[in-house]
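Me: I am new to this structure and would like to know what stands behind the words used for it. Please go through a few of them with me.

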Amino acid sequence: MTIETVSSARSFGGTQLVCKHASAETGTEMRFSVYLPPAAEVGPVPVVWFLSGLTCTEENFTTKAGAQRMAAKHGLAIVAPDTSPRGEGVPDDPEGAYDFGLGAGFYVDATVEPFAANYRMASYIESELPKAVGEALPVDLSRQGIMGHSMGGHGALTIALRNPDGFRAVSAFAPIVSPINCPWGQKALPGYLGDDRQAWRRYDACALIADGHRVDDILVDQGLADGFLESQLKPELLEAACETAGIPLTLRRQEGYDHSYYFIASFIEDHLDWHAERLKR
């Protein structure tokens, strides 16, 4: 698979790339960013995947989170993919809403037309993109971590739970912990997957845990001034699911912080420390 470099810039001794490639899963051109630390000039380095939230592209995390300095320090590559397929002919929400369609792939493999042909973000993130990145860039796919924000936090948690042997570390900022139980998910899941609620469970972190899926531990930061906290995010559901399952959960409720990248930038250092510790064991 051919990966094309769109842009390249030096950053903290490493290199910040934006790349694109033709995806067989989505049937579209897909873009992603990748930060390669200085250590990547010597040999393959561990990789952390960052999944962004509603309306975002690969650019939001790359330019706003301030992750490059810590990634360089720890010798970590960071890959941030787009949040949905895009391009001519890719279906969108018929009413143009922000929470479904373009920019809102929810990291699922859609089964409902007309979305089934392109919206295969689960398989894209779990299989196709890692294979492409591993073949083209100096990353060590035996040492992977995954994290995300909001819809991307949902993606990180569910992908890690479904693939516990693939990811050594998982964390999230303000994740949608149970799409089955919030308005965003109650729109996206039937829209992409139909009305069979059993099919929704593989895309709900709390349901996956209830169904026996496990990871070693989880780090979550949640701002208490987040306007989506009570209606959409509901971290207490993840707290209860992890307690019942015996999964160690570090849930940090941060007074005064909202849902923005100011919040993410404030705690990204802690998350990269978390991933580095687990990826270098």
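Reply: A cavity is a set of grid points where a 1.4 Å probe fits but cannot get out. The model here is a predicted one, and its largest cavity has a volume of about 70 Å³.

Me: What makes a residue part of the lining of the largest cavity, and which elements give two or more residues to it?

Reply: A lining residue has an atom within 4 Å of a point of the cavity. Residues that meet this include Gln16, Tyr35, Phe61 and Ile78. The elements giving two or more are strand 3 (29-36), helix 1 (58-64) and strand 5 (77-81). Strand 3 gives the most, three residues. By type, the lining has seven nonpolar residues, five polar and no charged.

Me: Why is serine 178 called buried?

Reply: Buried means under 20% relative accessible area. Serine 178 has 3% relative accessibility, so this residue counts as buried. Serine 178 sits in the loop between strand 7 (169-173) and helix 5 (183-193).

Me: What makes the pairing of serine 178 with aspartate 204 a polar contact?

Reply: The cut-off for a pair of N or O atoms is 3.5 Å. The side chains of serine 178 and aspartate 204 are joined at 2.8 Å, which is within it.

Me: How do you know that the buried residues of helix 9 are on the same side?

Reply: The buried residues of helix 9 (residues 235-245) are Pro235, Leu238, Ala241 and Cys242. They cover an arc of only 120 degrees around the axis, and therefore lie on the same side of helix 9. The face turned away from that side carries the exposed residues Glu243 and Thr244.

Definitions and conventions
Residues are numbered from 1 along each chain as its sequence is written. This is a predicted model: local features need pLDDT of at least 70, side-chain atom pairs count only at pLDDT 80 or more; totals for chains, interfaces and linings use all residues. Side-chain values use heavy atoms; hydrogens and water are left out. Buried means under 20% relative accessible area, exposed over 50%, partly exposed in between (1.4 Å probe, protein chains only). Helices (H or I, at least four residues) and strands (E, at least two) are DSSP runs, numbered from the N terminus. The arc is that of the directions from the helix axis to the C-beta atoms. A polar contact is a pair of N or O atoms within 3.5 Å; within protein, one must be able to donate a hydrogen and the other to accept it, and residues adjacent in sequence count only if both atoms are side-chain atoms. On a 1 Å grid over the protein atoms alone, a cavity is a set of points where a 1.4 Å probe fits but cannot get out, and a pocket is an open set with protein on both sides within 12 Å along at least five of seven lines; lining residues have an atom within 4 Å of a point. Grid points are joined across faces, edges and corners, and a volume is the space filled by probe spheres set on the points. Ala, Val, Leu, Ile, Met, Phe, Trp, Tyr, Cys and Pro count as nonpolar, Asp, Glu, Lys and Arg as charged, and the others, Gly among them, as polar.
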